[in-house]
Amino acid sequence: MSARLGEILIKEKLITQEQLHQALDAQKKQGGRLGATLVKLGMISDEEITGVLSRQYGVPAINLSYYEVDPAVVKLVPQETAVRYQVVPLSRVGSTLTIAMVDPTNVFAMDDIKFMTGLKVEPVVASENAIMEAITKFYGAGATAEQDMDKVMAELGGEEPDVEVAEEQTEASLADLEHAAEDAPVIKLVNIILTEALTRGASDIHIEPYEKEYRIRFRIDGILHNIMTPPLKMRDAITSRVKIMAKLDISEKRLPQDGRIMLKLTKDGKKKELDYRVSCLPTLFGEKIVLRLLDKENLRLDMTKLGFEPESLAKFEKAILKPYGMVLVTGPTGSGKTNTLYSSIARLNQPDTNIMTAEDPVEFQLPGINQVQMKEQIGLNFAAALRSFLRQDPNIILVGEIRDFETAEIAVKAALTGHLVLSTLHTNDAPGTVSRLMNMGIEPFLVATSVHLICAQRLVRRVCTECKEEQNLPPQALIDVGYTPEETKTVKTYKGKGCERCNGTGYKGRCGLYEVMEINDEMRELILVGASALELKKKAIETGMITLRRSGLIKIAAGMTTIAEVIRETVL
């Protein structure tokens, strides 16, 4: 800005080229801004510089000596921020804060104040001397510490040493953190965040610290939405509050931690119990916290309401009602696998059946089912739990996830020795699960004989019923998605226009897409000869398997979801 200001002043014939060189030399020796240096040297007045800046940037100029500021407005901007950026808050009208600045082009200053106050910032120009006097007047003598330091350095006749702070990390004491976490505004804010997640139907809360921003996002219907940006100075207090609620160690900031928060609240006259799974992870600028909301009311244990096509549901129920064998549910994180497994064991839960589950973590407590929480740090993993289960006389075993050869091997053996084993795996589709088990080291003949059914699933957003409207698409667009030319003549597609109920997204709620692959005798022969996932898929489709894409097309035709959602989650 210095060079530009100098050029502008020369252009307006307020100083000469020689005076500019003199001022730049003085600025190099003494530091500070060019405008202030020119004023000190008596080459120009404060008012002239303010007038030039006002005309140049189209920002009004102000004479601060005639201005009185409300103390409540002064408190909006901390003293150190005012000194650092040379700004003074002047007035607040509604959600707009007017500030006087030396440099109205300093977007970093305006952004910082915007995040700090949550208000829209409007700048006006004032001279450097006027602003420093106003800071002293409104904030007190302590505000001119930087100027006092300059005087001390000048009196000592020394130069400021060349010191660079590589990384500044302020460590608050444990007592300070606990005190900040118990501060009433922090408690109120965290409670609002937790309850607002329930009101908005969020599945996850992301609390994320960055260098110049503190962000809170909610995952609603599978998509992350920005919700609020609290002041950065509240970061440690919010983190400590959440960690205290989750019974975590607030002094440990270097290692990831996991915990749980259980709340009771009254909503619409009803008492609700909320359960949050908490994960803390150290990042570059503080701890990122993710809270998974486990709302019992959202858990659907009726298999007929999950979204299975009738023929797929018939195959799935047939497999889980068998006395032994393995049923696998696959899909990415957050695709509803746990819900499908819980629905399965709720369907099988009878007084004459012993059901054991190994979970990490136990998401919902189900009556009549023996649920075991994994604790890796003491050696209680899926493999260890499975070995113990086999000595507990089980009928049905649920393993949260098959992650390694050891777990897979014990699960397969359990399935072959008269137990029904239900589990999950992370694969893209049902046929790919067979290859995944073989890659883990399980022999093809063991896979062929133990696995009875594989179900791959995804979750897609439902079209909002309030603002649903028909979409006119050319037949070719429908053919590209996977419909046959005959189907395009009758298929009608819908989309949400966006309304208050769905927050303008056009979607409200989610439904499942399911690919159910039954392992029949023909499939077993292919597995035994080492057939590829592609060959298995081809054979499964021949024998009536509905693929994930076809399941999506059925849901589009039923007006439940949109083409965009199905394309996002499935492939042809």
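**Notebook: a sheet and a helix pair**

The model is predicted, so to speak of local features I need pLDDT of at least 70, while side-chain atom pairs count only at pLDDT 80 or more and totals for chains, interfaces and linings use all residues. Residues are numbered from 1 along each chain as its sequence is written, and side-chain values use heavy atoms, with hydrogens and water left out.

Within β2, I found A100 as the bridge partner of V88. I then traced helix α7 (residues 107-117), which packs on the sheet and touches β1, β2 and β3, contact meaning heavy atoms within 4.5 Å; its direction makes about 145° with that of β2.

Next I turned to helix α17 (residues 430-440) and helix α22 (residues 533-542), which pack at an angle of about 140° with their axes 8 Å apart; axes are lines fitted to C-alpha atoms, for helices over the stretch in contact, and angles run from 0 to 180 degrees between N-to-C directions. I recorded α17 as oblique to α22, since angles under 35 degrees count as roughly parallel, over 145 as roughly antiparallel, 65 to 115 as roughly perpendicular and the rest as oblique. The contact is made by P431, G432, V434 and S435 of α17 with A533, L536 and K537 of α22.

Definitions and conventions
Helices (H or I, at least four residues) and strands (E, at least two) are DSSP runs, numbered from the N terminus. Two strands pair if DSSP finds at least two bridges between them.
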